[in-house]
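Here's a quick briefing to read with the model open beside you.

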Amino acid sequence: MPQLIDQWGKPIQAHTHSRQLQETLQDWQPPTLSVDMEHLPERQLRNSRARDIKRSHGYAAGAEQTYVDNIVGHQFRLSAKPNYKVLGIDHKVANEWAKDVEARFTDWAEDPDAWIDAEEKRTLTMLARESVRHHAHQGEVLASVEWRKLARNNAQTAIKLIDSERLCNPYELPDSYRLRAGVELGPRGQALAYHIRSAHQSEAGLTHHAYQWKKIAKRKRWGRLQILHIFEPEQADQTRGVNVFVSSLKGLKMLEQFQDATLQNAIVNAMYAAVIESEMDSQTVLAALGGVDDGHNNAFTQYLAQVAGYHQKAKNIRFNGVKIPHLLPNEKLELKTASTNAAFSQFEDTLLRHLAASMNLSFEQLSKDYSKTNYSSARASMLESWKYFLGIREIIPARFCSQLYALWLEEMVNKGIIKLPNGSPNFYQAKSAWCRCLWIAQGQTHIDGLKEVKRIELLMKLGLLTYEKAAMMLGEDYQELFEQRLREQQEMGEFTPQAS
């Protein structure tokens, strides 16, 4: 009977494929490590590589900007939603209280003088956008809660963003069971305190504060936060965050090097429009001239000088004049054209698709090239990315700003500037109920706006969508829309001419 044989002439058996697969994987034996032991030793290197690739590579910088524009956008507004059922108050009372709180908070958070920021550089929206940037290339957001001695509008709370690289073990001690990368842990793995370097380690030549650390407890005695440390844990017992670019760093660097090499090759090819080639090598020229190489190539130099003199006297070598030059014997004219790598575009697109998948972006969003897709494919890919954007919005900027809102509200209630409704529990008895809120950010991008509006209209007719949710999908506050429409209708009535 005929049989199939392998490359060694032996009959192929049923288990050959599985044995070959096992032999292929036998060298792949990654160690079993906890998430901290896997990530913390290389955390600084990974973060520095992520920042470097963002500075030097356009696709990485564009990916981070896509995160910021879709997750936060041009605004990040508070929509207070006190849990009136838990507080035991009427929903109308809660709604009026929320409107007053929203107006006061927005006035403080979006003040052009940026009193919310300890550095007086950023408004709330700018802080939210920067929190997404920190999450992208550092994997976490770190900030301290400051207290102004003198402040405008009686709001003394301020936020100081901190470079997470300054969060490290004091005097660069190695990690221990209760001290991990600057975070002091409790018996249940909760963060109790943070050791923050007074200045970045790269500024050691500028200030002695780079060799000083400050230990800050996470909370004050009554529970008020002093340090905001926000990241998305991927596994249990994780102490620090992982940046978004970790899985794509190698691909981004390889793509950058490939692009640079291709560009350099094209530049070199474009430097010479035409060259004159001679079939005579240096030894033949020397023999023809009867010269001897004395170490300085004088005979060869004289030959080249004679050739140059001939062409100078002839003045007949032209390129744009379309004249056939009269060359010396054994010389020929070769025109040069700037050649490119024919496989460059295909290789780049393939690599970009892998990078886009690792960054949770669509190929079109990463490459900014929408010429290779249709409506259905583009919409499907953007919807997949949108789910990721909504998740990160809730985990990073929304949680960060919710903590800011809770700190501000605590101060305003304790100072008596904001009054709680009569008969309701005090702030500390139901803190989460008083601080419950939503955040209005960038709406979803629509490829065909008319189709999306019809979809929203149909969902509202079926009772599956409210005006509030529909407005948030467009990045708007439904209460402001209703109030503005009412004012416009009143103004239109005032200017409508009366019939005689």
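Leu185 sits opposite Ala191 of strand E6. That spot belongs to the pairing of E5 (residues 183-185) with E6 (residues 191-197), which is antiparallel and runs over three bridges; two strands count as paired if DSSP finds at least two bridges between them. Keep in mind that this is a predicted model, where local features need pLDDT of at least 70, side-chain atom pairs count only at pLDDT 80 or more, and totals for chains, interfaces and linings use all residues. Residues are numbered from 1 along each chain as its sequence is written, and side-chain values use heavy atoms, with hydrogens and water left out.

**The sheet around E5 and E6**

- The four strands form an open sheet in the order E4-E5-E6-E7, paired antiparallel.
- Its edges are E4 (179-180) and E7 (213-217), each of which pairs on one side only.
- Strand and helix labels come from DSSP runs numbered from the N terminus: helices are H or I with at least four residues, strands are E with at least two.

**E2 and E8**

- Strand E2 (residues 141-147) pairs with E8 in the antiparallel sense, over four bridges.
- Within that pair, Leu142 stands opposite His229 of E8.
- In a regular strand, side chains alternate between the two faces of the sheet.
- E8 (residues 227-230) is covered on both faces: Ile227 and His229 are buried on one side, and Leu228 and Ile230 on the other. Here buried means under 20% relative accessible area, exposed means over 50%, and partly exposed is in between (1.4 Å probe, protein chains only).

- H3 (residues 43-56) has 14 residues and spans 20 Å from first C-alpha to last, close to the 20 Å expected at 1.5 Å a residue. The expected span is 1.5 Å times one less than the number of residues.
- Which residues of H3 are buried? They are Arg43, Arg46, Asn47, Ala50 and Ile53.
- Looking down the axis of H3, those buried residues fall within an arc of 130°, so they line one face of the helix. The arc is taken from the directions from the helix axis to the C-beta atoms.
- An α-helix has 3.6 residues a turn, so residues three or four places apart point the same way.
- H11 (residues 344-358) has 15 residues that should span 21 Å at 1.5 Å a residue, and its end C-alpha atoms are 21 Å apart, which agrees.
- The buried residues in H11 are Glu348, Asp349, Leu351, Leu352, Leu355 and Ala356.
- Just after H11, Asn360 takes a positive phi of about 60°.

**H4 against H7**

- H4 (residues 58-71) and H7 (residues 124-138) pack at about 140° with axes 9 Å apart. Axes are lines fitted to C-alpha atoms, for helices over the stretch in contact, and angles run from 0 to 180 degrees between N-to-C directions.
- The two helices, H4 and H7, are therefore oblique to each other.
- Met126 is found in H7, and at 40% relative accessibility it counts as partly exposed.
- Met126 and Glu110 are 16 residues apart in sequence, and their C-alpha atoms are 9.2 Å apart in space.

**Positive phi in loops**

- Tyr171 isn't a glycine, yet has a positive phi of about 55°. Tyr171 lies in the loop between E3 (157-161) and E4, and is exposed at 62% relative accessible area.
- Asp237, also not a glycine, has a positive phi near 65°. Asp237 is in the loop between E8 and H8 (249-271), and is exposed at 66%.

Note on methods. Angles under 35 degrees count as roughly parallel, over 145 as roughly antiparallel, 65 to 115 as roughly perpendicular and the rest as oblique.
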